[in-house]
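Keep the viewer open and click along as we go.

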Amino acid sequence: MPERPVRWGILATGPMAAAFTEDLATVPEAEVLAVGSRSERSAAVFADRHAIPRAYGGWQDLAADPDIDVVYVATPHAHHAAATAACLSGGKAVLCEKPFALNRAQAAAMAELAERESLFLMEAMWTYLNPLIQQVCSLIDDGVIGEVRSVHADFGVRAPHVPGHRLRDPAAGGGALLDLGTYPVSFAHLLLGPARHVAAWSDLSGAGVDESTAMVLGHDNGAMAVLSCSLTADSARGAVVHGSEGRIEFPADFYNPRTAILRRDGQAARTLVADPQTGHGYDHQAREVMRCLREKRTESPLVPLRGTLDVMETLDRVRALVGLRFPGE
């Protein structure tokens with residue numbers, strides 16, 4: 001790609017699309033050129049609010065814009081597969097919000113289409129690109145806490161019951177697991193790799209979505225992850241990585257942490273502090289996408305599609321165990 005601004009399209013006009021667009025404004029050589037929505041009015045209002053020059057009342061129109069390099073897909077996740085396919089078929093690289101899809105089959109089809117078209121595709125798993133998380137991973141790779149033996153992580157929020165809201169709608173892929181549980185499962189995968197054994201329990205609502213889910217993931221070397229997610233209660237959203245010679249604690253918001261505490265056996269605790277955050281913290285993934293495009297990569301080595309597919313497979317296995325199915329599956 002020539003050394004010119006990377007031109008972004010934004011697909012959707014909700015809160016995530018707005019936050020990401022705001023953060024793109026802080027990234028040098030990033031230009032938001034267009035926004036697309038199924039509603040022409042919604043696209044126009046969003047474009048006006050964020051000073052975006054082009055607004056389209058359809059996904060296909062956005063995908064067909066010849067001046068766009070990459071599209072950020074921020075639709076509800078039930079539409080990720082279709083929206084991503086539309087953009088890839090239009091010749092656009094894609095950064096797709098998490099969870100990548102409703103299930104592994106959809107995710108695999110998305111990855112296969114990107115491969116056929118020789119186009120870049122990445123899940124917007126911002127946790128993997130968070131500088132403090134990357135620092136912790138480097139410490140773990142250097143053996144600071146010995147061999148990782150277990151990961152504990154939870155993500156709970158008290159979400160109000162709003163009639164028709166996507167979080168409680170099976171047709172929208174609602175429930176705690178895909179919306180929140182994706183984070184602890186992805187965090188565990190980052191540190192332990194693919195799960196070989198899965199156990200799970202869920203509290204299912206009358207509508208057929210999970211209000212809370214608990215998971216235990218096992219690995220052939222004996223390492224395990226104990227994870228949970230919930231829509232019924234606020235949690236610290238913390239995490240702990242236990243090693244054979246110490247542990248690393250994330251007191252809060254492990255998915256976008258500001259501090260971590262390193263506790264090595266026989267030594268004083270050391271607090272790791274993140275640099276001041278720019279905007280909402282989504283700029284790191286935008287920079288990674290742009291780096292990969294300039295290097296003519298079709299996927300990121302930091303957020304590889306193989307890992308995304310492994311996480312989707314684990315989520316599928318959890319849903320099978322607890323009896324959580326979405327319409328059309």
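Val216 sits in strand E9, residues 210–218 (helices, H or I of at least four residues, and strands, E of at least two, are DSSP runs numbered from the N terminus). Before going further, keep in mind that this is a predicted model, where local features need pLDDT of at least 70, side-chain atom pairs count only at pLDDT 80 or more, and totals for chains, interfaces and linings use all residues. Residues are numbered from 1 along each chain as its sequence is written, and side-chain values use heavy atoms, with hydrogens and water left out.

Now for the charged pairs. How many salt bridges does a search of the whole structure find? The count is 20, where a salt bridge is a side-chain nitrogen of Lys or Arg within 4 Å of a carboxyl oxygen of Asp or Glu. One of them pairs Asp179 with Arg166, and their closest N and O atoms are 2.7 Å apart. This pair ties together distant parts of the chain, 13 residues apart: Asp179 belongs to helix H7 (residues 176–192), while Arg166 is in the loop between strand E7 (148–156) and H7. With a relative accessible area of 12%, Asp179 is buried, whereas Arg166, at 32%, is partly exposed.

Next, find helix H8, which spans residues 283–294 and holds both Asp283 and Arg287, four residues apart, or about one turn of the helix. Those two form a salt bridge with 3.5 Å between the closest N and O atoms. Asp283 counts as buried at 3% relative accessibility, and Arg287 as partly exposed at 38%. In H8 you'll also see Arg291 and Glu288, three residues apart, again about one turn. They too make a salt bridge, and here the closest N and O atoms are 2.8 Å apart. Glu288 is buried, with a relative accessible area of 6%, and Arg291 is partly exposed, at 30%. Through shared partners, salt bridges join Glu288, Arg291, Glu295 and Arg297 into one network.

On to the empty space. Rolling a probe the size of a water molecule over the atoms shows where empty space is left. The search runs on a 1 Å grid over the protein atoms alone: a cavity is a set of points where a 1.4 Å probe fits but cannot get out, a pocket is an open set with protein on both sides within 12 Å along at least five of seven lines, and lining residues have an atom within 4 Å of a point.

The largest pocket has a volume of about 510 Å³, a volume being the space filled by probe spheres set on the points, with grid points joined across faces, edges and corners. Arg166 and Asp179 turn up again here: of the 23 lining residues, they lie nearest the centre along with Met16, Glu97 and Lys98. Helices H1 (15–24) and H7 are the elements that give two or more residues to this lining, and H7 gives the most, with three. By type, the lining divides into 13 nonpolar, six polar and four charged residues (Ala, Val, Leu, Ile, Met, Phe, Trp, Tyr, Cys and Pro count as nonpolar, Asp, Glu, Lys and Arg as charged, and the others, Gly among them, as polar).

Finally, what lines the largest cavity? This cavity holds about 40 Å³ of space, and its lining residues include Val185, Ala188, His189, Leu217 and Thr314. H7 gives the most to the lining here, with three residues.

Methods: Buried < 20%, exposed > 50% of the residue type's maximum accessible area, 1.4 Å probe, protein only.
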